[in-house]
Amino acid sequence: MLFPKNFLWGGAIAANQTEGAWDVDGKGVSTSDVLTSGSHTNPRRIEPSLSSEYLYPSHEAIDFYHHYKEDIEMFAEMGFKTLRLSINWTRIFPTGEEDEPNEKGLQFYEDVFKCLKEHNIEPLVTISHYELPYYYVEKCNGWCGREVIDSFVKFCKVIFERYKDYVKYWLTFNEINCGVLESGAMQSTCNLKGFAGSVKEMPNDPQGRFQALHHQFVASALVTKYAHENYPNFKIGCMIGFLPYYGFTCNPDDQLEAQHNMQMIDYFCSDVQIRGYYPSYSKRYFKENNITIEMKDGDEEILKEGCVDFYTFSYYMTFCATVDPNAPITEGNLLGGARNPYLEVSDWGWQIDPKGLRWSLNEIYDRYQVPLMIVENGLGAYDKKDADGKIHDPYRIEYMKKHIEQMGEAIEDGVDLMGYTPWGCIDLVSLSTGEMAKRYGMIYVNKFDDGTGDLSREKKDSFYWYKNVIETNGEEL
Ligand code: BG6
């Protein structure tokens, strides 16, 4: 298997799922800070009252804020070439409205980037990973408020200038296509003004979500254009939660259903961000779903002028689309779909499909012909300490091995793949359930669902395995 010499092996984390220190050094409240813990069976809640009745996992998370040096040292020991991480907007602008940034917040990320540089690890920065200053939820219904665009641009200008010597690769919005889905209101479009309650009971407002998405497209394009004009060495990417659909049967109706889902769920946002205009199929979707996007003069030009340079995505599972209401059902964190009899599922019901990754890489590359990067992938699993006090996780090694093999096949197929940053390279808080028990890491963190644990870090078997994968540039799996 031939991985390019400069292949970016690494790992991925996000601020709200790792940092903790949610109200330290001037940080404001973000949308993730009002999300309670939950479980596979008990949905998370949005509780802006910040009542002591609830546990809010982002408040301490794994306390990366105070452990980043030790964590980066471990990433370096594994041989990481890159680390994907995000910047929490509310550390820099606590409500988003301030004229001046919060110096302590800026300094924190500068220290992190310096530390990465010392270890020769290239940062890949997600500017907005599922968080918005909570202030905007109440002020203007989250991203539905057009004014959030200006605030985002202000934030980006500050971080671009401050970190220009440390960061070259930027992603504007994490899994931007999540806004298409009903669950996207939770963390992506944040159009939940006045709402408190279970995330299963969030109001479903597609008109609001697509308007919010339009604002995110404009915001992304504006900062991409600005970066291209002012920082020619920057590369700006989009980030898509890729949720591929196969037709459940060869019934043309199932195939059409799969194609429709692929268009609206998987390709709609990247079509806009890479091609610079709304795709033709979206017009019919909007008409049939009574969605009207309010555009300002100049928006279409902005989209055209702010196309991203590369495409990144998360890949966890595949789905089967069918028109048969009696087909056996599976579950994911976001969507259901028919159960694929050829695939196994994780403990959380996610269908494991390594070959689907090769299929996806080929499909995406055929469509866009820009460099690709897998910036999330991994197995959320229950890890237990063995009698020898160690964490043996052969299931995770098996999962990663099979996915990396398929990446190699896709490279052979001709796909231009820049890198691979498996999700939650260190255990962190789960997005969909708010648990610690759903662990992805190659580094174990001694922290539990009830908030207890001394936060100590330990290497799992997968740590040593992945280290060797990186050392041999994917030759030994
Ligand atoms: C992606 C998100 O959807 O999947 C991450 O970008 C998230 O933030 C990851 O953590 C895994 O999902 P979960 O629900 O298992 O944490």
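This is a predicted model: local features need pLDDT of at least 70, side-chain atom pairs count only at pLDDT 80 or more; totals for chains, interfaces and linings use all residues.
Colleague: Which side chain meets Lys460 in a salt bridge, and how should I read that?

Modeller: A salt bridge here is a Lys or Arg side-chain nitrogen within 4 Å of an Asp or Glu carboxyl oxygen. In this case Lys460 pairs with Asp383, at 2.5 Å from N to O. Lys460 sits in the loop between β16 (457–459) and α13 (461–471), and Asp383 in the loop between β13 (372–376) and α12 (394–412), so the pair links parts 77 residues apart in sequence. Helices (H or I, at least four residues) and strands (E, at least two) are DSSP runs, numbered from the N terminus.

Colleague: Is Lys460 buried or exposed?

Modeller: Buried means under 20% relative accessible area, exposed over 50%, and partly exposed in between (1.4 Å probe, protein chains only). Lys460 is buried at 0%, and Asp383 is buried too, at 10%.

Colleague: How far apart in sequence are the parts that Lys225 and Glu305 tie together?

Modeller: Their side chains form a salt bridge at 3.3 Å, N to O. Lys225 is in helix α7 (residues 206–230) and Glu305 in helix α10 (residues 299–305), so that pair connects parts 80 residues apart. Lys225 is partly exposed at 26%, and Glu305 is partly exposed at 42%.

Conventions
Residues are numbered from 1 along each chain as its sequence is written. Side-chain values use heavy atoms; hydrogens and water are left out.
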